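This briefing covers a sheet and the helices around it. The model is predicted. Please look at the structure first.

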Amino acid sequence: MRKAGDVTCEEYATALVKRAKYYRYMNHWIYTSYDLFEKTVAAAVALDARVATDGVEAIAPLYGLCIPMKGTAAVVDFPAGSGVGILSGYVPTKDSDLTTLIKQRNGVIFGCTNVPEFAANWVTANPASGHTRNPYNHKFTVGGSSGGSASAVASYMCPIAVTEDTGGSTRVPASSNQNFGFDPSRNHYPNDGNPGMTFLCDQLGLNARSIADIILYDKALTAY
């Protein structure tokens, strides 16, 4: 739709931010992200300005797609603190490598999703950001530790969301929220700036509602 001119990046981002704020009780995002979502809209406006000057292909291959990062990633615009309230006020010195790559591919960072403290649980809850709810039944778990990402996707807050997996943190939330989970091999996506529990097992991935969306995202990040 963006390529066809049926919607602008700003319109798309604004609609998603409005939806995220309306459903704040679901606790999809780290609590600090909600007050910072204007940065998502501002990034979308900047992409539209580039289109006006250089044409729509100037914002390929992601065309302003809004992508939430997991709350363990270093994201300068959306400090997350890995689900630990006392750390949420500390701003990273620079973006994680995957955050940078998504921006380079003309995606828009859509906040940081909720995680258990230090991403060390299969139940996504922490004292600062609350307990992430499952859209299918609020009594059900969303899994963890990428539960905020998975629930946001399942709730149609976004088509895809970044996850990270050590021993099931992409796959368990995917199963709990009826998503597709992509847990690729180590270093398929750059890991720098995303603290892990192990050297060999941790790997960034994603949740999506369709395999087609996973393939689109993967091509955008790896084929250019």
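Three strands form an open sheet in the order E5-E7-E6, with antiparallel pairing. Helix H5 packs on this sheet. The buried residues of helix H7 also pack against E5, E6 and E7.

**The sheet**
- The edge strands are E5 (160-165) and E6 (180-182), and each of them pairs on one side only.
- On average, neighbouring strands are turned by 30° against each other, direction ignored.
- E6 and strand E7 (residues 203-208) run antiparallel and are joined by 3 bridges.
- Phenylalanine 180 stands opposite alanine 208 in E7.

**Helix H5 on the sheet**
- H5 spans residues 147-154 and touches E5 and E7.
- The direction of H5 makes about 155° with that of E5.

**Helix H7: length**
- H7 runs over residues 211-222, which is 12 residues.
- At 1.5 Å a residue, H7 should span 16 Å; its end C-alpha atoms are 16 Å apart, so the two values agree.

**Helix H7: buried and exposed sides**
- Ile214, Tyr217, Asp218, Ala220 and Leu221 are buried in H7.
- These residues lie on the same side of H7, because they cover an arc of only 160° around the axis.
- Ala212 and Lys219 are exposed, on the face of H7 turned away from its buried side.
- Beyond the sheet strands, the packing partners of the buried residues of H7 include strand E1 (66-70) and helix H4 (97-104).

How values were computed. Residues are numbered from 1 along each chain as its sequence is written. This is a predicted model: local features need pLDDT of at least 70, side-chain atom pairs count only at pLDDT 80 or more; totals for chains, interfaces and linings use all residues. Side-chain values use heavy atoms; hydrogens and water are left out. Two strands pair if DSSP finds at least two bridges between them. Helices (H or I, at least four residues) and strands (E, at least two) are DSSP runs, numbered from the N terminus. Axes are lines fitted to C-alpha atoms, for helices over the stretch in contact, and angles run from 0 to 180 degrees between N-to-C directions. Contact means heavy atoms within 4.5 Å. The expected span of a helix is 1.5 Å times one less than its number of residues. Buried means under 20% relative accessible area, exposed over 50%, partly exposed in between (1.4 Å probe, protein chains only). The arc is that of the directions from the helix axis to the C-beta atoms.
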